[in-house]
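Try each task first, then follow the solution.

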Amino acid sequence: MDKHPLLGGSAARRLVGLSRVDDDPYATGVCTYWHLSTPPPELTSTISDGWLRPPGRVLDIGCGLGIEAATLTQAGFRAVGVDLSSVALARASATHPEVSFVEADVRSLPFADGDFDVLLDRGCFHYLEPADRSRYATESFRVLRPGGRFLLRACLRAAGVRNDIGMDTLLSVFADWDVISAREEDVPSDTRDLRALVARLQRPASISPAP
Ligand SMILES: C[S@@+](CC[C@H](N)C(=O)[O-])C[C@H]1O[C@@H](n2cnc3c(N)ncnc32)[C@H](O)[C@@H]1O
């Protein structure tokens, strides 16, 4: 989830502008930095504590190999994973045929307004350039139904160096959302612990009428 030192420079630019398979972290193996082969604990706890309750339609933003989408499918949701990486999506589809995978950019999602009940993001948001963050928030808000829930995990370090993501970023980028909880914690990958901001967000059920 952190930018890997091997990526060098701005991993965000390289991921967002992904055009060649040999740049793709799922082709080069760089994905071992963040990939977790088992359901992430901060995701499974949203189900065990009842914050996410099936049934419903889930969108996994920047889904990578589709573990989270598959986990929620198993829990009784219908899941769609979206990612820029064709290499990741090919592997995800082969491993999890029960999930739909779509190659698209989170900044312009090919889904209708209110199409989803739940959104997940483990590690995509912090790869965006700061200028793209509000577009991300607008698109994710648009495709989530009013009252829908969003589990966001954004890493706090890039190539070992602290990035600018923190509570202030969250509150400003997601100003139109209800922040149900947000805290820094270590989220595990197969190879290390990654310090992240873990937030439960909710699209308000309705907009209060202007006085
Ligand atoms: C750190 S990886 C996390 C993958 C997966 N969520 C996981 O937990 O293993 C970030 C993912 O976001 C994807 N990504 C980055 N920018 C994106 C964008 N603008 N639109 C869609 N996916 C994007 C990358 O291709 C990559 O698969």
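**Exercise 1.** How many bridges join strand β5 to strand β9, and which way do the two run?

*Solution.* Some ground rules first. This is a predicted model, in which local features need pLDDT of at least 70, side-chain atom pairs count only at pLDDT 80 or more, and totals for chains, interfaces and linings use all residues. Residues are numbered from 1 along each chain as its sequence is written.

Helices (H or I, at least four residues) and strands (E, at least two) are DSSP runs, numbered from the N terminus. Two strands pair if DSSP finds at least two bridges between them.

Now find β5 at residues 144–155 and β9 at residues 193–202: they run antiparallel, joined by 7 bridges. For a landmark, look at arginine 153, which sits opposite valine 198 of β9.

**Exercise 2.** Which residue of β9 stands opposite alanine 182?

*Solution.* Start at β8 (residues 178–188), which runs antiparallel to β9 with 10 bridges between them. A hairpin of 4 residues takes you from β8 to β9. Across from alanine 182 you'll find alanine 199.

**Exercise 3.** What is the strand order of the open sheet?

*Solution.* Walk across its 7 strands: β3-β2-β1-β4-β5-β9-β8, with mixed pairing. At the edges are β3 (100–103) and β8, each pairing on one side only.

For a parallel pair, take β1 (residues 57–61) and β2, which share 5 bridges. Here leucine 59 has valine 80 of β2 as its bridge partner. Helix α4 (residues 67–74) packs on the sheet and touches β1, β2 and β4 (116–122), where contact means C-beta atoms, placed from the backbone, within 7 Å. The direction of α4 makes about 175° with that of β2.

**Exercise 4.** Which residues are closest to the ligand?

*Solution.* Gly62, Gly64, Arg122, Gly123 and Cys124 are the closest of the 20 residues that surround the ligand (C-beta atom, placed from the backbone, within 6 Å). Two elements give two or more residues to this shell: α1 (11–16) and β2 (78–83).

**Exercise 5.** Which residues does valine 58 touch, leaving out those up to four places away in sequence?

*Solution.* Go through its contacts one by one: Ala69, Leu72, Phe77, Ala79, Phe116, Asp117, Val118 and Leu120.

Methods. Contact = placed C-beta atoms within 7 Å. Axes fitted to C-alpha atoms, helices over the stretch in contact; angles between N-to-C directions.
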